[in-house]
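Subject: Handing over a structure, with notes

Dear colleague,

I am passing on the structure shown just below, and I would be glad if you kept it open while you read the notes that follow.

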Amino acid sequence: MTDDAVLRTRIETLLGDVQDPYSGCDLRAVAAIDRKGEAWAVELRLGYPCGDHAKTLAATAQAHLTQALPGVDIRVQGSMVLNAPPPDTTRQAVPGVDWIIAVASGKGGVGKSTTAVNLALALAADGARVGLLDADLYGPSQPRMLGYVGAAPQAGADGRLPPVERYGLRTMSVGYLVDEDQPMIWRGPMVTQTLTQLVRQTDWGGVDYLIIDLPPGTGDVQISLSQQVPLSGAVIVTTPQDIALLDARKALRMFEKVSVPVLGVIENMSTHICSRCGHEEAIFGHGGGERMAAQYGVPLLGSLPLDLRIREQTDRGRPTVVAEPAGALAQAYHDIARRASAHLVQAAAPSAFPEIRVVDD
């Protein structure tokens, strides 16, 4: 074995000591190592929207290699490499969309829609092209959360609807098409047909991720969408409360039955933070999401507090990730979005993907 081969093997071994906190994998799986003259170039290719994390992870790897191999010129760089998913032979693809992630809950009132819009905004802020579909036709809330006031989008000559662009997201909701106080007095088949049309007849224009904010429950809409649309994965939003967890388990089992990978559980309203004194208290119980995740063998993607600012910001039409992008709450959404998208890549066997886009930091 040549000296170069020995050194390459040593670099690979050392990279195995450094773990990506979002994917849980060591860096050997994402590293491309090349000899360039007297120097060694290591590129860390992260397959999920990661923002500045690629640069941070590269610096960590650089420090580890420099300490272990003094005198060796090694330069580590991080990049984001987003890949298209493998084709789904059982469901028809959605034009202009790569990955589709459903955000679901077993029951209402757990903060699912607030979580969905902030996760979509976090993915966009981290460098992805993102669409957001409000699939709750009976109670659409995304237009209010995104602060949209304007005319309804009009179909083009091809019959497709242009998405409403807000904060870098391409969005669609039946709430854009009807008055805010107009009830949708429709039976199940009409709801399912309308939702399918919104998914497929919106001109998404090429997005890496489409986040679908599902209505709560496990009824016709959820099942039909799971069977007709190529969902790449789902995340389950719950609170620590036992009653919420009962219904969240049903949502998780529903996705298992229709062969949609569950990327993980998000525990919302994990603790309450007093806006006056900052005291933190687990008013809905403690550790319920973690126990559920362990029970079903899926990751706990993260926990979010019951914080007055989250409610105020969405009510004003500026969700937390855009209202306080540098704050701790926004960082919590970024952490969850990165874990979910990293697990999505792993669940879909990334080695089989064709590379479609590279964004260097």
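In what kind of contact do the side chains of R28 and D26 meet? They meet in a salt bridge, with 3.0 Å from N to O, where a salt bridge is defined as a side-chain nitrogen of Lys or Arg within 4 Å of a carboxyl oxygen of Asp or Glu.

Before going further, please note that this is a predicted model, in which local features need pLDDT of at least 70 and side-chain atom pairs count only at pLDDT 80 or more, while totals for chains, interfaces and linings use all residues. Residues are numbered from 1 along each chain as its sequence is written, and side-chain values use heavy atoms, with hydrogens and water left out.

Salt bridges

Side chains of opposite charge can pair when their charged atoms come close. By the rule given above, the count comes to 15 salt bridges. In the pair already mentioned, R28 counts as partly exposed at 48% relative accessibility, and D26 counts as partly exposed at 22%; here buried means under 20% relative accessible area, exposed means over 50%, and partly exposed is what lies in between, with a 1.4 Å probe and protein chains only.

A further salt bridge joins R338 to D126, whose closest N and O atoms are 2.8 Å apart. R338 lies in helix α11 (residues 328–347) and D126 in the loop between α3 (112–125) and β5 (130–134), so the pair ties together parts that are 212 residues apart in sequence. Helices and strands here are DSSP runs numbered from the N terminus, a helix being H or I over at least four residues and a strand being E over at least two. Both R338 and D126 are buried.

D307 and R309 also meet through their side chains in a salt bridge, at 2.9 Å from N to O. In this pair D307 counts as buried, at 8% relative accessibility, whereas R309 counts as partly exposed, at 36%.

Helix packing

Two packed helices are described by the angle between their axes and the distance between the axes. The axes are lines fitted to C-alpha atoms, for helices over the stretch in contact, and the angles run from 0 to 180 degrees between N-to-C directions.

Helix α1 (residues 3–15) packs with helix α2 (residues 53–68) at an angle of about 130°, and their axes are 10 Å apart. That makes α1 oblique to α2, given that angles under 35 degrees count as roughly parallel, over 145 as roughly antiparallel, 65 to 115 as roughly perpendicular and the rest as oblique. In the contact, which means heavy atoms within 4.5 Å, I11, L14 and L15 of α1 meet A61, H64, L65 and A68 of α2. The residues of this contact divide into 6 nonpolar, 1 polar and no charged, where Ala, Val, Leu, Ile, Met, Phe, Trp, Tyr, Cys and Pro count as nonpolar, Asp, Glu, Lys and Arg as charged, and the others, Gly among them, as polar.

Helix α5 (residues 188–201) and helix α6 (residues 220–228) pack at about 40°, with 10 Å between their axes, and they are therefore oblique to each other. On the α5 side the contact is made by V191, T192, L195, T196, V199 and R200, which meet D220, V221, S224, L225 and Q228 in α6. These residues divide into 5 nonpolar, 4 polar and 2 charged.

S270 is buried, with a relative accessible area of 13%, and, leaving aside its neighbours within four places in sequence, S270 is in contact with P240, A282, G285, S303, L304, P305 and L306. M269 has a positive phi of about 55° although it is not a glycine, and at 15% relative accessibility M269 counts as buried.

Y167, in the loop between β6 (164–166) and β7 (169–173), is likewise a residue other than glycine with a positive phi, near 55°. Y167 is partly exposed, with a relative accessible area of 28%.
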